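Q: Hi! Could you walk me through the salt bridges in this one?
A: Happy to, let's have a look together.

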Amino acid sequence: MTLEAPATPRWPRDARAACAFTFDLDAETLWMARGVHEPVTLSQGGFGPVEALPRILTLLRTHEVRASFFIPAWVAEHYPDAVRAIAEGGHEIGCHGDEHERVSELPPDREEAILIKSVEVLTRLGGKRPVGYRAPAWQLSPATLALLGKHGFDYSSNMMDRLSPYLHPPVDGRALVEIPVSWVLDDAPFFMFTGQRPMQPPGPVLQAWLTEFEGITETHGVTNFTFHPQIIGRPSRFACLRELLDYVRHTPRIWIASLAEISAHYRSVTK
Ligand SMILES: [Zn+2]
């Protein structure tokens, strides 16, 4: 017997495939969650909202791209102007924990309290209730998906099992959309320096991302890039992001959209 490839969705404007540029604005929490409180290490986190974010927002505006930003509540409260600037740029803001804690290690009541807090903080500062959830470090607890359904989320962007969106099994009659990710399309595994492994030069990483984008486009799926302003914002890597955006923008029939837009579209064509 032959196995058929999974069905792929139709995209708006006769596009062949979709592409999303997403940014996890972890700032200091990326390090705090690892138990690091040393000032120089933490200052790498501060580079994200302070130094890198304004340039990233300018780049997105220049290319007329609406992106998705996932922001821990702690970061939102410490950098409220960054949250406002992201919202004013027309970008989506989604939940990403409080202090980047791994929910896979938390009891359900604690996980739920963090979720409620992050919705409250991001709604207040961003002016709009978040509909998307990305778990810190992409680790879910057994309770996560049900909690997202209970609190009215539209989509999760965590799983790594597909190249196209799909629906999770319904809970209380409503199914979450999943918009899958991959470590391959994340800047952290290539560039994040923890003192234990060498950093990769940007050129070969850019080439790998372009090849992955072309391959996912051939399958009519979603290329879901995940960047961290503190990592991708260094000038040598920012040049790589600029080139990537330029390449995707000039590839025919690609729908560049936020994850909220992709989720809403997927839901509308999937019944
Ligand atoms: Zn993160």
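A: One term before we start: buried means under 20% relative accessible area, exposed means over 50%, and partly exposed is in between. Also, this is a predicted model.

Q: Good to know. Is Glu 51 buried, exposed or partly exposed?
A: Glu 51 has a relative accessible area of 35%, so the residue is partly exposed.

Q: And what does Glu 51 form a salt bridge with?
A: With Arg 55; their closest N and O atoms are 3.0 Å apart. Both residues lie in helix H2 (residues 39–62), 4 residues apart, which is about one turn of the helix. Arg 55 is partly exposed too, at 42% relative accessibility.

Q: Nice. What about Arg 84, which residue does it pair with?
A: Arg 84 forms a salt bridge with Asp 81, with 2.8 Å between the closest N and O atoms. The two sit 3 residues apart in helix H4 (residues 80–88), again about one turn of the helix. Arg 84 is partly exposed at 38%, whereas Asp 81 counts as exposed at 56%.

Q: Switching topic: how do the side chains of Asp 154 and Arg 267 meet?
A: In a salt bridge, at 2.9 Å from N to O. Asp 154 is in the loop between helix H6 (144–150) and strand S5 (155–156), and Arg 267 is in helix H11 (residues 259–269), so the pair ties together parts 113 residues apart in sequence.

Q: Is Asp 154 buried or exposed?
A: Buried: its relative accessible area is 13%.

Q: Which residues do salt bridges with shared partners join into one network?
A: Glu 77, Asp 98, Lys 117, Glu 120 and Arg 124.

Q: Last one: how many salt bridges does the count come to?
A: The count comes to 12.

Technical notes
Residues numbered from 1 in each chain as written. Predicted model: local features only at pLDDT ≥ 70, side-chain atom pairs only at ≥ 80, totals over all residues. Heavy atoms only, no water. Salt bridge = Lys/Arg side-chain N within 4 Å of Asp/Glu carboxyl O. Buried < 20%, exposed > 50% of the residue type's maximum accessible area, 1.4 Å probe, protein only.
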